[in-house]
Amino acid sequence: MTLDLAKIEATLLAAAKAAAAHTLPLFRTPLAIDNKFTVGFDPVTEADRGAETVIRAVIAEAFPDHAIVGEEWGSSGDSNDTWIIDPVDGTRAFISGAPVWGTLIGFAHNGVAISGIMSQPFIGETFLAVPGRATYRRGDTTTPIRTSGQIDLPPARVFTTTPSLFNTPELAGKWRAIESATRLQRFGMDCYGYALLAAGHADLVVEPYLNTYDIAALVPIIREAGGAIACWDGSEPTGGGNVVAAATPELLEKALALVNAS
């Protein structure tokens, strides 16, 4: 079956637009916050649930036979073509008023994400990839994006959401190794960090414990911009796991070697 890439792209854009109409009016307003965890804190709000509902409706209208996996409403359908949704990636940022959250929608064929969008509607930025190109959109301007081309660890700029993700005996040494080997580290970026990597403003993102909806949309954005991304064991990251994203395959290889040696 030949994929209708133009229709997939149009659906990504339409679904992100529908989500923005729901999330933007709620951003930086008093919101009821529910906690998914009985121990710890994993927040969810009306913005998350409502945005995923409208995204699902757009996808179902365009591709009724496709499967959908979403963070808030789970899985539906059975198909080799799957849409993977995180309606508000970075809910902690959302409820803190920080505009580094985003709506993530990925499209996977046979288990590998090949198209995706990261929409940050408050800033008005969209990062989108389909096979053959990755683009940045703001207002009426659309431009191609490319990674920095960095191949070495010492000059690299690194993002992770928080170093506390590595606060276990088996992971602590891995973050210390990355931190010691690179020039600059920044935290709290959520999905926005991966988008900045694709656009050439960062060189590495290293994070453990990702779910498929945290990363699937970002995989094609990074790859189509010239970057490389894999799980720490070198496997395909679309399904989630411990992930390294890098500006180049060469830098990815060096980061993976460092993580696995630590």
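Which element gives the most to the lining of the largest pocket? In this predicted model, local features need pLDDT of at least 70 and side-chain atom pairs count only at pLDDT 80 or more, whereas totals for chains, interfaces and linings use all residues. Residues are numbered from 1 along each chain as its sequence is written, and side-chain values use heavy atoms, with hydrogens and water left out.

The answer is β13, with 5 residues. A pocket here is an open set of points, on a 1 Å grid over the protein atoms alone, where a 1.4 Å probe fits, with protein on both sides within 12 Å along at least five of seven lines; lining residues have an atom within 4 Å of a point.

The largest pocket holds about 790 Å³ of space, a volume being the space filled by probe spheres set on the points. Its lining comprises 34 residues, and Asp42, Arg92, Leu165, Asp190 and Asp214 lie nearest the centre. Two or more lining residues come from each of β5 (81–89), α3 (91–96), α5 (191–198), β13 (204–211) and α6 (212–215); helices (H or I, at least four residues) and strands (E, at least two) are DSSP runs. By class, this lining has 15 nonpolar, 8 polar and 11 charged residues, where Asp, Glu, Lys and Arg count as charged and Gly as polar.

I turn to the second largest pocket, of about 180 Å³. Of its 14 lining residues, Leu13, Ala16, Lys17, Ser119 and Thr126 lie nearest the centre. The elements giving two or more residues to this lining are α1 (5–23), β7 (112–120), β8 (125–130) and β9 (133–138). Here α1 gives the most, with 4 residues. The lining divides into 5 nonpolar, 5 polar and 4 charged residues.
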